[in-house]
Amino acid sequence: MVKKQTGTKKGRVPFKLGVVGHFGLAVRDPRKSAQWWETALGLEKQFEFAGGVAVGNDNVTIALHKGRPAPQTFEHMSFHLPSMTALRKALAHLQSIGAELEDPGDEIGPEAPGSRNMGLWFHDPAGYRWELSVQAR
């Protein structure tokens with residue numbers, strides 16, 4: 001049973017979310033996964049913890065926990081890039097390191113049918129699906 005909120009108008013939340021603080025993913029080898037994230041997306045090792053490694057930048061931290069990967073529980077996550085030029089450079093970089101890209105030969109495309117936002121999708125070594133995208137202006 002969901003308890004009814006009081007004190008705010010329906011649909012109005014008295015705060016706004018900021019950048020992603022962190023989220024955790026189960027991976028077989030946290031150190032090896034951390035190295036992939038450093039190479040693939042330029043994230044830096046933030047710290048180690050019992051059974052894992054955290055990598056990130058000013059916008060997000062990913063806590064890589066030792067465990068059984070479960071990519072089916074995480075459809076995908078999108079990170080915004082500032083321009084199509086940056087998206088093309090990201091594609092070339094991901095290709096150069098042999099990342100598993102979706103839609104080989106036609107990697108960059110609309111986020112969804114009819115969307116003006118453009119993106120590309122790839123998988124990390126644990127099988128999780130990621131997107132890099134540019135918002136239409």
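Analyst: A salt bridge here is a side-chain nitrogen of Lys or Arg within 4 Å of a carboxyl oxygen of Asp or Glu. The model is predicted.

User: How many salt bridges does the structure hold?

Analyst: The count rests on nitrogen-to-oxygen pairs within 4 Å. By that criterion the number of salt bridges in the structure is 4.

User: Which parts of the chain does the salt bridge of Arg31 and Glu48 tie together?

Analyst: The side chains of Arg31 and Glu48 meet at 2.7 Å, N to O. The two residues are 17 apart in sequence, so the pair ties together helix 1 (residues 30-41) and strand 2 (residues 44-49).

User: Are Arg31 and Glu48 exposed or partly exposed?

Analyst: Exposed means over 50% relative accessible area, and partly exposed lies between that and 20%. Arg31 has 54% and is therefore exposed. Glu48 has 37%, so the class of Glu48 is partly exposed.

User: How many residues apart are Glu75 and Arg129?

Analyst: A salt bridge joins the side chains of Glu75 and Arg129 at 3.2 Å, N to O. Glu75 is in the loop between strand 4 (61-66) and strand 5 (77-80), while Arg129 is in strand 9 (residues 129-134). The pair links distant parts of the chain, and the separation is 54 residues.

User: Where is Glu102, which meets Arg129 in a salt bridge?

Analyst: The side chains of Glu102 and Arg129 meet at 2.6 Å, N to O. This pair also links distant parts of the chain, 27 residues apart, with Arg129 in strand 9. Glu102 is in the loop between strand 6 (100-101) and strand 7 (109-110).

User: Which residues do salt bridges with shared partners join into one network?

Analyst: Arg31 and Glu48 form a salt bridge at 2.7 Å. Salt bridges that share partners make one network of Arg31, Glu48 and Lys45.

User: What is the order of the elements along the protein chain?

Analyst: The secondary structure comes to 2 helices and 9 strands. Read from the N terminus, the order is β-α-β-β-β-β-α-β-β-β-β.

User: What share of the residues in the protein chain is buried?

Analyst: The chain has 137 residues, and its C-alpha atoms fill a box of roughly 55 × 45 × 25 Å along the principal axes. The accessible surface is about 9,400 Å², with 53% belonging to carbon and sulfur atoms. The buried share of residues is 35%.

User: Why does Thr61 count as buried?

Analyst: Thr61 is in strand 4. Leaving out residues up to four places away in sequence, Thr61 touches several residues, including Val20, Phe23, Gln46 and Val55. Buried means under 20% relative accessible area, and Thr61 counts as buried because its value is 13%.

User: Which residues form a nonpolar patch on the surface?

Analyst: One member is Val13, in the segment before strand 1 (23-27). Val13 counts as exposed because its relative accessibility is 52%. With about 370 Å² of accessible area together, the patch is formed by Val13, Phe15 and Leu17.

Terms used. Residues numbered from 1 in each chain as written. Predicted model: local features only at pLDDT ≥ 70, side-chain atom pairs only at ≥ 80, totals over all residues. Heavy atoms only, no water. Helix = DSSP H or I, 4+ residues; strand = E, 2+ residues; numbered from the N terminus. Buried < 20%, exposed > 50% of the residue type's maximum accessible area, 1.4 Å probe, protein only. Areas by Shrake-Rupley, 256 points an atom, 1.4 Å probe, with all protein chains shown as cover. Patch = residues over 30% accessible without salt bridge, like charges linked within 9 Å, V, L, I, M, F, W, Y side chains within 5 Å. Contact = heavy atoms within 4.5 Å.
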